[in-house]
Amino acid sequence: DAALAENLWLVAAGFGAGLQVWQTLVGFRLPRLASRAASLPAPVVPGQCSVHFRWEESQGSRSLLIWSAAFRSSSEICLDASKDVLILNARNAEELKVSCSNVDVATMETKFSRKRRCLTVI
């Protein structure tokens, strides 16, 4: 049980706490351990989740993908944009500042994927 508890903690630290996260990433490969994992207490992970981003270009347009284990719903994400910088804050997540050039804030759109925990800024 100690190794299983450590595995739960490592997944929680890297991808977010919760049995469902562990089950999605690891548990489906270990069906016999899934019932034992459910009986263990939820791991406590100190600190905030990392926020990652990357730029993508397609058909002459540029979009920014931002993802984090902390993203649960679009209502928990606060995006502040100017023509030079995008600042993102979310509960239980590190602040993200992304330098950008000539962002047209008036025409900017966002899409949120709860499954991927990803915000796309177009």
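Predicted model: local features only at pLDDT ≥ 70, side-chain atom pairs only at ≥ 80, totals over all residues.
Colleague: What does the radius of gyration of the chain come to, against that of a compact globule?

Modeller: The chain has a radius of gyration of 17 Å, whereas a compact globule of 122 residues would have one near 14 Å. Along its principal axes, the C-alpha trace spans about 55 × 30 × 20 Å.

Colleague: And what share of the residues is buried?

Modeller: Buried residues make up 30% of the 122 residues in the chain. The accessible surface comes to about 8,200 Å², and 51% of that surface belongs to carbon and sulfur atoms.

Colleague: How many bridges join strand 1 to strand 2?

Modeller: Seven bridges join strand 1 to strand 2, and the two run antiparallel. Phenylalanine 53 stands opposite isoleucine 66 in strand 2. The hairpin of these two strands has two residues between the strands, and in this hairpin glutamine 59 takes a positive phi near 50°.

Colleague: What about strand 7, which residues does it pair through?

Modeller: Strand 2 and strand 7 pair in the antiparallel sense over four bridges, and the bridge partner of leucine 64 in strand 7 is valine 121. Strand 6 is joined to strand 7 (residues 118-121) by four bridges, again antiparallel. Threonine 110 stands opposite valine 121, and phenylalanine 112 has leucine 119 as its bridge partner in strand 7.

Colleague: Which way do the residues of strand 7 point, and are they buried or exposed?

Modeller: Cys118 and Thr120 point one way from strand 7, Leu119 and Val121 point the other way, and all are buried. In a regular strand, side chains alternate between the two faces of the sheet.

Colleague: What sits between strand 6 and strand 7?

Modeller: Their hairpin has four residues between the strands, and arginine 117 in this hairpin takes a positive phi near 55°. Arginine 114 has its place in the loop between strand 6 and strand 7.

Colleague: Is arginine 114 buried or exposed?

Modeller: Arginine 114 has a relative accessible area of 63%, and it counts as exposed because that value is over 50%. The C-alpha atoms of arginine 114 and phenylalanine 71 are separated by 7.6 Å, although these residues are 43 residues apart along the chain.

Colleague: How many bridges join strand 4 to strand 5?

Modeller: Four bridges join strand 4 to strand 5, which run antiparallel, and isoleucine 87 has lysine 97 as its bridge partner in strand 5.

Colleague: Now the inside. Which residues have the most contacts inside the largest nonpolar core?

Modeller: They are Val51, Ile66, Phe71 and Leu88, in a core of 18 residues. The elements that give two or more residues to this core are strand 2 (61-67), strand 4 (85-90), strand 5 (96-99) and strand 7, and strand 4 gives the largest share, three residues.

Colleague: What is leucine 88 in contact with, leaving aside its neighbours within four places in sequence?

Modeller: Among its contacts, with those neighbours left aside, are Val51, Ile66, Phe71, Ile77, Leu96 and Leu119, together with Glu94 and Glu95.

Colleague: And which residues does the second core include?

Modeller: The second core is separate and has eight residues, including Val11, Val21, Trp22 and Ala34.

Colleague: Last one: what share of the contacts joins residues at least 24 apart?

Modeller: Among contacts in the chain between residues at least 6 apart in sequence, 43% join residues at least 24 apart.

Definitions and conventions: Residues numbered from 1 in each chain as written. Heavy atoms only, no water. Pairing = 2+ DSSP bridges. Core = buried A, V, L, I, M, F, W, Y, C linked by side-chain atoms within 4.5 Å. Buried < 20%, exposed > 50% of the residue type's maximum accessible area, 1.4 Å probe, protein only. Contact = heavy atoms within 4.5 Å. Rg over C-alpha atoms; globule rule 2.2 N^0.38 Å. Areas by Shrake-Rupley, 256 points an atom, 1.4 Å probe, with all protein chains shown as cover.
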